[in-house]
Amino acid sequence: MAMSKHESACDGYAEAMQKQMTRRAALTAGIAGVAWWAARKTALAQATFGENGNVLVVVFLRGGADGLNIVAPYTEDAYYKLRPTLAIKKPGGGAGALRDLDGFFGLHPSLSALHPLFDEGELAFIHAVGSGDQSRSHFEAMATMERGAANRRAPQSSGWLARHLATTPSRGSPMRAVALSRTVPESLRGATQAIAIRSLDEFQLAGNPDQRRDAADALADLYQDGDDAFAGAGRDTLQVLKKLGSIDMESYSPENGAVYPESSLGNGLKQIAILVRKEVGLEIASLDASDRGGWDTHIAQELLLAMQLQDLGDSLAAFRKDLAGDMSRVTVVVQTEFGRRAAENSGYGTDHGRASIMIALGGGVSGGRVISDWPGLEEDQLDGPGDLRVTTDYRDVLAEALSKRLGNARTDEVFPLSSIRPVGVFT
């Protein structure tokens, strides 16, 4: 089967992403880590470390998730005509059927764990959302979104989350912004207050337990009397280390009977829940949901998408159950770089498209709704070679999350050259 130049590059895009030139976190091992953060903090204001502020969790579905089957417009005849084998049965159609959301859209059955949260008004979907990028290239579309730009030609070089951090007061914590990954993602590129760690186990002093205890005692003596930013940052870092030092990730049990999937997303969200509960000053958390086959479903989409969505739904539901009342100050936003072609291909999959969905869960979400200026799926309503048209700018959703949930009054600087319009998904 012939493949386009973008499709033929898909097998290598994940590997290439790992080679992006991004700053590795230095604050993960030993005394040098504490000193590094303290040196950084000499230029930062001391603020509200330790307060229970709101937290934004950003989950990226890398590979281009198929919004048309995640939240399907089951009342549109064109949906079933375009996807004779991939379209999901209408609600009430028996096993494997969609779960009704609002009489027009239905939820993929593998996301059934999220359906109660939708009914309870804690979860919303934003459909036909995307950027102005027309390349249909993973690399360029992801770079566009992580820079918070309109398209690949936009001048922004830093990440949108980095600009948020630069335009709001610091909480004075070494864990203000945490990416659970090998490298700091492009969305945090340029941030002086962000670290990347693969696991909370990495955020500790080096050595065996006795060596770590001796080093902590020595550092506590070093920083205890200082009244400058350097000493204050050292004390903050030691405070976080102390809070996290008693946690054994292998034996840690989530609260309220929550059970996370054994996946990178499940493990990542479990660790974020720990950071929220331990009150370490977390404000931004970033992680990917891109294992278990990936979201780039050119072939065998029915099976691959179901696996990914099962992990996504179960992980988010466990996160919500684990945090319980603390979820009122935690907001999760799920995004993907683009959607898939409206029509299925000959490999029982879908090719790169334009619009997809975003998901909002948790505190301040005006949920129980699918928010969409729906463009339709008839031939004359599609975009380009046959894609769902983008009718909502992804930056409108992100800007509203920052302003409503994190109190950023300068979103025009976070998303410059953008006419931000209200979406109404956050309160």
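A residue is taken as buried when its relative accessible area is under 20%. By that criterion, 57% of the 427 residues of the protein chain in this predicted model are buried. The chain exposes about 16900 Å², and carbon and sulfur atoms supply 50% of that area. Its secondary structure comprises 14 helices and 12 strands. Among contacts with a sequence separation of 6 or more, 72% join residues 24 or more positions apart.

Helix α11, spanning residues 264-277, packs against helix α12, residues 301-323, at an angle of about 20°, and the two axes lie 9 Å apart. Angles under 35 degrees count as roughly parallel, and α11 and α12 are therefore roughly parallel to each other. Their crossing is right-handed. On the α11 side, the contact is made by L265, G266, L269, I272, A273, V276 and R277, which meet D311, L312, S315, L316, F319, D322 and L323 of α12. Sorted by class, this contact between α11 and α12 has 9 nonpolar, 2 polar and 3 charged residues.

P385 sits in the loop that links β11 (369-371) to β12 (392-393). With a relative accessible area of 54%, P385 is exposed, since the exposed class begins over 50%. Leaving aside residues up to four places away in sequence, P385 touches R136 and R341. R341 lies 44 residues from P385 along the chain, and the C-alpha atoms of P385 and R341 are separated by 8.1 Å.

Methods
Residues numbered from 1 in each chain as written. Predicted model: local features only at pLDDT ≥ 70, side-chain atom pairs only at ≥ 80, totals over all residues. Heavy atoms only, no water. Axes fitted to C-alpha atoms, helices over the stretch in contact; angles between N-to-C directions. Helix = DSSP H or I, 4+ residues; strand = E, 2+ residues; numbered from the N terminus. Parallel < 35°, antiparallel > 145°, perpendicular 65-115°, else oblique. Left-handed = near helix turned anticlockwise from the far one by under 90°. Contact = heavy atoms within 4.5 Å. Nonpolar A, V, L, I, M, F, W, Y, C, P; charged D, E, K, R; others polar. Buried < 20%, exposed > 50% of the residue type's maximum accessible area, 1.4 Å probe, protein only. Areas by Shrake-Rupley, 256 points an atom, 1.4 Å probe, with all protein chains shown as cover.
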